[in-house]
Amino acid sequence: AAAAAAAVPAKNESRKGGERIGPMFRKENVGCSLWVKNITTMTRANDLKTVFSNYGTVVSAKIVASPKQREKHFGYITMQTEEQATNCIQHIHRSELHGRIILVEKVKLDKVKKPAPSSSAPTLPKKEPTKRGGTSQSSRSRPKSPPKQQPKPLPPQRKKPEA
């Protein structure tokens with residue numbers, strides 16, 4: 001059982017080895033990873049692989065669709081070397097693919113989400129039971145906003161004496 005547990009990589013490590021920085025990137029490949037923006041919904045990972053393979057060896061190609069906006073798609077390409085990634089940017093950035101001008105940039109570490117350590121998992125506060133055994137109403141409702149300030153009343157106006 002111990003040998004089987006050792007064969008399974010930790011959550012932040014990939015099966016091929018190397019520490020993962022985000023859902024798709026290993027730490028050693030960050031300089032080789034490219035972000036492709038403004039691709040159409042009909043663009044597939046194989047299309048990106050075909051275009052980028054003209055400028056080097058493609059290690060991986062992925063398409064990600066935005067869950068909020070169906071028309072927004074991104075591509076992530078990992079090249080074998082950093083020089084090949086730079087070469088791709090020079091030749092493919094602002095070129096046309098499926099009728100759109102695509103934008104190619106290197107992935108930056110600040111754009112990649114780092115996984116949270118498993119020991120510091122967020123804990124939710126416990127809900128206090130009510131007399132009926134359920135949870136209190138206040139724990140389910142949204143936090144109250146500060147009360148609105150009432151405008152101060154204007155001072156009484158003085159009447160001008162008639163002449």
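**Exercise 1. Leaving aside neighbours within four places in sequence, with which residues is T78 in contact?**

Solution. The structure is a predicted model, in which local features need pLDDT of at least 70 and side-chain atom pairs count only at pLDDT 80 or more, while totals for chains, interfaces and linings use all residues. Residues are numbered from 1 along each chain as its sequence is written, and side-chain values use heavy atoms, with hydrogens and water left out.

Step 1. Apply the contact criterion, which is heavy atoms within 4.5 Å. Apart from neighbours within four places in sequence, the partners of T78 are N29, C32, S33, T57, V58, V59 and S60.

Step 2. Classify the accessibility. Buried means under 20% relative accessible area, exposed over 50%, and partly exposed in between (1.4 Å probe, protein chains only). T78 is buried, since its relative accessible area is 5%.

**Exercise 2. Describe the surroundings of V58, one of the partners of T78.**

Solution. Step 1. V58 is placed in strand β2.

Step 1. With a relative accessible area of 11%, V58 is buried.

Step 2. Setting aside neighbours within four places in sequence, V58 is in contact with K49, F52, S53, I77, T78 and M79.

Step 3. For a distance along the fold, take S33: this residue and V58 are 25 residues apart along the chain, and their C-alpha atoms are separated by 9.9 Å.

**Exercise 3. Which members of the largest nonpolar core touch the most other members?**

Solution. Step 1. A nonpolar core is a set of buried Ala, Val, Leu, Ile, Met, Phe, Trp, Tyr and Cys residues joined through side-chain atoms within 4.5 Å.

Step 1. The largest such core has 15 residues, and those touching the most other members are L34, V36, F52, I77, M79, I102 and V104. Two or more residues of this core come from each of β1 (33-39), α2 (45-52), β2 (58-65), β3 (73-79), α3 (82-92) and β5 (100-106).

Step 2. Examine F52. Not counting residues up to four places away in sequence, F52 touches L34, V36, V58, I77, M79, C88, I92 and V104.

**Exercise 4. Determine the state of the cysteines C32 and C88.**

Solution. Step 1. C32 is buried at a relative accessible area of 8%, and C88 is buried at 0%.

Step 1. A disulfide requires a pair of cysteine sulfur atoms within 2.5 Å. Zero disulfides are found in a search of the whole structure.

**Exercise 5. Which residue lies over the face of W35?**

Solution. A charge sits over a ring if NZ of Lys or CZ of Arg is within 6 Å of the ring centre and within 35 degrees of the ring normal. K37 lies over the face of W35, at 4.8 Å from the ring centre.

**Exercise 6. Summarise the chain and the confidence of the model.**

Solution. Step 1. The protein chain has four helices and five strands, in the order α-β-α-β-β-α-β-β-α from the N terminus.

Step 1. Of its 163 residues, 23% count as buried. Among contacts with a separation of 6 or more, 55% join residues 24 or more positions apart.

Step 2. The predictor's confidence in each residue is pLDDT, from 0 to 100. The chain has a mean pLDDT of 74, with 58% of residues reaching 70 or more. Over residues 1-23 pLDDT stays under 50, and the model has 32 contacts beyond four places in sequence for them.
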